[in-house]
Amino acid sequence: MATTVLDALRNAQVNFETISKMGLKGNPIFAIAFDQLSNAVTALENGKKRDDVIQEAMFGNLKLD
């Protein structure tokens, strides 16, 4: 079975969710990384390409669709 980039990101997302249930959810670096991963998955699911800009500046609005 082939794995796409989006599949790999979704698998990582599931792994993050599993680790969060084991107690790492409160770690700030974990929370940031999980949010970034979730944003990337959402953007790709909405048709964004890998080089599309989804945020112009730190703390700026996200363009995930």
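## Briefing: an aromatic trio and a glutamine

Phe16 is partly exposed, with a relative accessible area of 23%; partly exposed lies between buried (under 20%) and exposed (over 50%), using a 1.4 Å probe and protein chains only. Please keep in mind that this is a predicted model, in which local features need pLDDT of at least 70, side-chain atom pairs count only at pLDDT 80 or more, and totals for chains, interfaces and linings use all residues. Residues are numbered from 1 along each chain as its sequence is written, and side-chain values use heavy atoms, with hydrogens and water left out.

**The chain as a whole**

- You will find 2 helices and 0 strands in the protein chain; these are DSSP runs numbered from the N terminus (helices H or I, at least four residues; strands E, at least two).
- Its C-alpha atoms fill a box of roughly 40 × 35 × 15 Å along the principal axes.
- Of the 65 residues in the protein chain, 17% are buried.
- Among contacts (heavy atoms within 4.5 Å) with a separation of 6 or more, 32% join residues 24 or more positions apart.

**Surface and charge**

- The protein chain exposes about 5200 Å², and carbon and sulfur atoms supply 58% of that area (Shrake-Rupley method, 1.4 Å probe).
- There are 7 positive and 8 negative side chains, and the centres of the two sets lie 2 Å apart. Lys and Arg count as positive, Asp and Glu as negative, while His and the chain ends are not counted; each charge is placed at NZ of Lys, CZ of Arg, CG of Asp or CD of Glu.

**The aromatic cluster**

- A search of the whole structure turns up 3 aromatic pairs; rings of Phe, Tyr and Trp (its six-membered ring) pair if their centres lie within 6.5 Å, with planes under 30 degrees apart called stacked, over 60 edge-to-face and the rest tilted.
- Phe16 and Phe30 make a tilted pair, 5.3 Å centre to centre with 35° between the planes. This pair links Phe16 in helix H1 (residues 5-21) to Phe30 in helix H2 (residues 28-45), 14 residues apart.
- Phe16 also forms a tilted pair with Phe34, at 5.9 Å centre to centre and 40° between the planes. Here, too, helix H1 is linked to helix H2, with Phe16 and Phe34 18 residues apart.
- Phe30 is buried, at a relative accessible area of 10%.
- Together, Phe16, Phe30 and Phe34 form one aromatic cluster.

**Gln55 after the helices**

- Gln55 sits in the segment after H2 and is partly exposed, with a relative accessible area of 34%.
- Leaving aside neighbours within four places in sequence, Gln55 is in contact with Gly60, Asn61 and Leu62.
- A polar atom of the Gln55 side chain lies 2.8 Å from the backbone oxygen of Gly60.

Methods
A polar contact is a pair of N or O atoms within 3.5 Å; within protein, one must be able to donate a hydrogen and the other to accept it, and residues adjacent in sequence count only if both atoms are side-chain atoms.
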